[in-house]
Every structure is written in structure tokens, then in C-alpha cells.
Amino acid sequence: MRVVAERSNARAVSRKLWNGLLRYNRKTAGPLRYTRLVLSVRDGNGRLLGGLILQSYWKESYVELLWLADKARRRGTGRRLIEEAERRARRRGSLLLHLNTYSFQAPGFYEKLGFKRVGGMSGSPPGESRHFYVKRLPAS
């Protein structure tokens with residue numbers, strides 16, 4: 001056996017790797033019930049001001065990203081996005097919501113919304129840290 005960096009066929013190999021992992025996960029833990037939801041925030045002219053990507057599987061949901069343009073920040077928009085993600089996660093049966101953020105992004109924001117820090121690591125990028133959060137969701 002040897003380890004090879006896939007250069008010319010990386011997309012096809014990536015797809016095979018994902019399919020292999022998904023088959024194993026389904027066999028071991030049951031159907032994933034995977035969904036991916038994109039929520040956007042737009043101004044009156046339809047211009048994108050931000051949004052959130054939510055992945056859900058089994059009994060959990062993951063905030064893949066939350067981004068807001070400067071003019072959409074500090075107006076309650078981020079809170080509304082998280083609340084909508086929580087509502088949709090609970091509706092599909094998720095028991096927890098998790099995410100990660102960097103020290104220069106929004107750890108305090110997530111803590112204000114009830115997320116609990118469950119881990120972290122420092123030094124990447126230099127002088128910063130990454131924080132991992134989870135929030136238990138009440139059953140709907």
C-alpha cells in the first residue's frame with residue numbers, strides 16, 4: 001500500500017471517498033436524513049447581505065457558516081439567522097446545534113445565544129484560536 005496525492009483525478013476520488021464513508025455511516029448508525037439549507041439576508045433591492053448554511057444529519061445540525069456584510073451587523077440579523085436555523089433544526093428533529101468559530105470572528109456572539117464552548121485550539125492562524133460550540137435544542 002502507498003499514500004498518493006491525487007492531482008488529476010481529485011474530484012472523482014473525493015466523491016468515492018465520501019460515498020465510502022456514507023455507506024459505512026449508514027450501515028453503522030442508520031439513515032443520515034441529510035439536508036443542507038441555505039438562508040440568506042437581502043436588502044430591499046435584493047442584494048445579498050449575508051446568510052447561514054445549515055447541514056443536518058441524524059439528530060444534529062451544524063452551522064457550516066454564518067456571514068454578514070458590515071452594514072447588516074449589529075442589527076439583530078445574526079440572531080435572527082441563528083433563531084431560524086434553530087427553529088428549522090428542531091422541526092426536523094435535531095437535538096443539538098453545533099458550530100465552530102475563530103477568536104477574531106464571533107465567540108461572544110454565540111455565547112450570548114446560549115451556545116456552550118466544548119473545545120478549542122490555539123495557534124492557527126498565529127495569535128488566534130478556534131472555538132467549538134454546541135447548543136442543546138428542546139424537542140419540538
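E86 counts as buried, at 10% relative accessibility. Here buried means under 20% relative accessible area, exposed means over 50%, and partly exposed lies in between (1.4 Å probe, protein chains only). The residue E86 is found in helix α2 of this predicted model. Not counting residues up to four places away in sequence, E86 touches L97, L113, F115, K135 and L137. Contact means heavy atoms within 4.5 Å.

## Basis of the model

The model is predicted, and local features need pLDDT of at least 70, side-chain atom pairs count only at pLDDT 80 or more, and totals for chains, interfaces and linings use all residues. Residues are numbered from 1 along each chain as its sequence is written, and side-chain values use heavy atoms, with hydrogens and water left out.

## Overall layout

The protein has three helices and six strands. Their order from the N terminus is α-β-β-β-α-β-α-β-β. Helices (H or I, at least four residues) and strands (E, at least two) are DSSP runs, numbered from the N terminus. Taken along the principal axes, the box filled by the C-alpha atoms is roughly 55 × 40 × 35 Å.

Of the 140 residues, 32% count as buried. The accessible surface comes to about 9,800 Å², and 52% of this surface belongs to carbon and sulfur atoms. These areas come from the Shrake-Rupley method with a 1.4 Å probe; for residues, only the protein chains shown count as cover. Among contacts between residues at least 6 apart in sequence, 51% join residues at least 24 apart.

## Nonpolar core

The largest nonpolar core has 19 residues, and those with the most contacts inside it are L52, V63, I82 and F115. At least two residues of this core come from each of β1, β2, β3 (60-68), α2 (77-92) and β4 (96-102). Helix α2 supplies the largest share, four residues. A nonpolar core is a set of buried Ala, Val, Leu, Ile, Met, Phe, Trp, Tyr and Cys residues joined through side-chain atoms within 4.5 Å. In soluble globular proteins, nonpolar side chains tend to be buried together.

Leaving aside neighbours within four places in sequence, I82 is in contact with L52, V63, L66, F109, Y110, L113 and F115.

## Strands β1 and β2

Strand β1 (residues 35-42) and strand β2 (residues 48-57) run antiparallel and are joined by eight bridges. Two strands pair if DSSP finds at least two bridges between them. V41 has G50 of β2 as its bridge partner. The hairpin of β1 and β2 has five residues between the strands, and G46 in this hairpin takes a positive phi near 85 degrees.

Strand β2 also holds Q55, which is buried with a relative accessible area of 17%. Q55 and R36 are 19 residues apart in sequence, yet their C-alpha atoms are 4.5 Å apart in space. Apart from neighbours within four places in sequence, Q55 is in contact with Y34, T35, R36, E60, S61, Y62 and E64.

## Strands β4, β5 and β6

Strands β4 and β6 pair in the antiparallel sense over seven bridges, with L96 bridged to R136 of β6. Strands β5 and β6 also run antiparallel, joined by six bridges. In that pairing, the partner of G120 is H131 in β6.

The hairpin of β5 and β6 has six residues between the strands, and here G123 takes a positive phi near 100 degrees. P125 lies in the loop between β5 (116-122) and β6 (129-136). A cis peptide bond joins S124 and P125, with omega of about -5 degrees.

Most residues other than glycine have a negative phi, and most peptide bonds are trans. R33 is not a glycine but has a positive phi of about 55 degrees. R33 sits in the loop between α1 (10-29) and β1 and is partly exposed, with a relative accessible area of 44%.

R74, also a residue other than glycine, has a positive phi near 60 degrees. R74 lies in the loop between β3 and α2, and at 82% relative accessibility R74 counts as exposed.
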